[in-house]
Amino acid sequence: MSTISKKICLIGDYGVGKTSLIRRFVDRQFSDKYLSTVGVKISRKSIELSDSEQQKNITLQLLIWDIEGSTKFKGISASYFQGAKGAIIVGDVTRPESLENISEHIKAFSKVNPQGKTVVALNKSDLIDAEYLEKYCQLYSFSDNNSFVSTYASSAKSGTNVDEIFTTLAHSII
């Protein structure tokens, strides 16, 4: 069985839950304590994927770059995106301004990695009504963008769609 390593980035405004999504996926943990990421933190997780074309299993080691969130005054350094095959663009459904910045984050990533794939995570979905969630999922579906794969309503707290986000991105970059 072969192991392949691929770099992916989690991108979004500050406080949207990027670190929490990674902790839920990698460590199966959640904490309500807010920890601001300074610069970048790199985590690793191996997942098994089946390659239907070659009818064999592949071990994919994800090198997950947790990139500090942007603010109005400070953009994300594009150098962090270098060499990434995919990105999870995270927005907080309780903060509309973070959702409005999703398309800018996709553009910034795609500019550095034109062949890269993006998945959108509308995080903290456990904090709003289902009817609003459905509208957000439709509104933040970027099917006109070649790099876009899918949009998920997620919750790092409950674990909703966390594995699906990472697995979908993993399948799209193989």
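Is phenylalanine 142 buried or exposed, and at what relative accessibility? Phenylalanine 142 has 14% relative accessibility and therefore counts as buried, where buried means under 20% relative accessible area, exposed over 50% and partly exposed in between, with a 1.4 Å probe and protein chains only.

This is a predicted model, in which local features need pLDDT of at least 70 and side-chain atom pairs count only at pLDDT 80 or more, while totals for chains, interfaces and linings use all residues. Residues are numbered from 1 along each chain as its sequence is written, and side-chain values use heavy atoms, with hydrogens and water left out.

The protein contains 5 helices and 6 strands, taken as DSSP runs numbered from the N terminus (helices H or I, at least four residues; strands E, at least two). From the N terminus on, these elements follow the order β-α-β-β-β-α-α-β-α-β-α. Of the 174 residues, 47% are buried.

The structure holds 5 aromatic pairs, a pair being rings of Phe, Tyr and Trp (its six-membered ring) with centres within 6.5 Å, stacked if the planes are under 30 degrees apart, edge-to-face if over 60 and tilted for the rest.

Ring pairs join Tyr136, Tyr140, Phe142 and Phe148 into a cluster, in which tyrosine 140 is buried at 12% relative accessibility and phenylalanine 148 is buried with a relative accessible area of 13%.
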